[in-house]
Amino acid sequence: MVMAASTSSMRVIGAVIHRASHGFHLSYPLNPSNASLVLHRIGFFERGFSSPNSMGMMGSAERVRRIWTTHTVCMGRRSSKIATRKNAQDAKKAKRYGRIGKEIVSAVKKGGPNPISNMVLAAVLEKAKELDVPKDILERNIKRASEKDQEAYIEKVYEVYGFGGVAIVVEVLTDKITRSVATIREVVKDYSARMADPGSVLFKFRRARVVNVKVTDVDKDQLLIVALDAGAEDVIEPSFDEDESEDRSERYYKIVSSTENYSLILSKLRDEGINVEPDNGSELLPLNPIEVDDEAMDLNKELMSKLLELDDVDAVYSDQK
């Protein structure tokens, strides 16, 4: 690994990259976290070097001359978009119960375990009911809130400049702010992205109550009639590229609603036999989604996926198409 290389080896690597850079354009900054990837792409490891340490200092110049350049290999737009959507949906599902658990702990910490007297807890439990959260999860987190060393959770939002001009917003519910910001900054730095100042990219999104319905689970005309009659503000249809029109299994209609009409819309959809995706019901929607090239798309996908793996992170949004 590049991180384990000695100082002298790192100097040799730097010289190699400098020589190769005349025929290989780096579209993003080089640092220890991505140096290995870059060296692979310029053919460093493939031509007989199993690691940077395997290259001796003497006689290395002749080997350096054998370096050649190759084009960056990126996932195709179709496969990348499908992978991005599927990974995002899987990660969101994995986060759902954890988010509800955190909200329960915070509500109990502030107002006690009785939902009759604690209206905040009552609202969280109602949302948990809408999301079909198992009863044992609710009871376990109510009990956990009574533990002395358990702190209340605090909502935080972090903003990131992604690749290709993409804006990324990270939603966090954490009991340790210093821990959450440190881990997020570390991931962002590892991927050579940049943290943004508060408000720098958030204005590109709007908060809305959203019901997600899988494209394959409903007839479009039926959905429009039911949703709009129930008071939906909008129904956002997913866009399809010509080369991916056959893939619909991970595409969703987004029914945008006011807070007042959200429960009614859910009820109407279910009455009509339309399956809805369990969700937190609140999302950030990009005002003007932007399209980027394949390389930026891959990098943003990897960055967002890594951010979602963090325990404190509950949702990650971008304005990338």
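Visitor: Which strands does α9 lie across, and at what angle does it run to β4?
Guide: Helix α9 lies across β4 and β6, and runs at about 15° to β4. Contact means heavy atoms within 4.5 Å; axes are lines fitted to C-alpha atoms, for helices over the stretch in contact, with angles from 0 to 180 degrees between N-to-C directions. Helices (H or I, at least four residues) and strands (E, at least two) are DSSP runs, numbered from the N terminus. This is a predicted model, in which local features need pLDDT of at least 70 and side-chain atom pairs count only at pLDDT 80 or more, while totals for chains, interfaces and linings use all residues. Residues are numbered from 1 along each chain as its sequence is written, and side-chain values use heavy atoms, with hydrogens and water left out.

Visitor: What is the strand order in the open sheet of four strands?
Guide: The order is β5-β6-β4-β7, with antiparallel pairing; two strands pair if DSSP finds at least two bridges between them. The edge strands, each pairing on one side only, are β5 (234-236) and β7 (282-286). From one strand to the next, the twist averages 45°.

Visitor: How many bridges join β5 to β6?
Guide: Three bridges join β5 to β6 (residues 252-257), and the two run antiparallel. V235 stands opposite I255 in β6.

Visitor: Turning to cavities, how many are there of 30 Å³ or more?
Guide: The count comes to two. On a 1 Å grid over the protein atoms alone, a cavity is a set of points where a 1.4 Å probe fits but cannot get out, whereas a pocket is an open set with protein on both sides within 12 Å along at least five of seven lines; lining residues have an atom within 4 Å of a point. Grid points are joined across faces, edges and corners, and a volume is the space filled by probe spheres set on the points.

Visitor: What is the volume of the largest cavity, and which elements give two or more residues to its lining?
Guide: The largest cavity has a volume of about 70 Å³. Its lining includes V210, Y262 and R270, and the elements that give two or more residues are β4 (205-214) and α9 (262-271).

Visitor: And the second largest pocket: which residues are closest to its centre?
Guide: That pocket holds about 280 Å³ of space. Of its 13 lining residues, the closest to the centre are E103, S106, V120, V124 and E155. The largest share of the lining, five residues, comes from α4.
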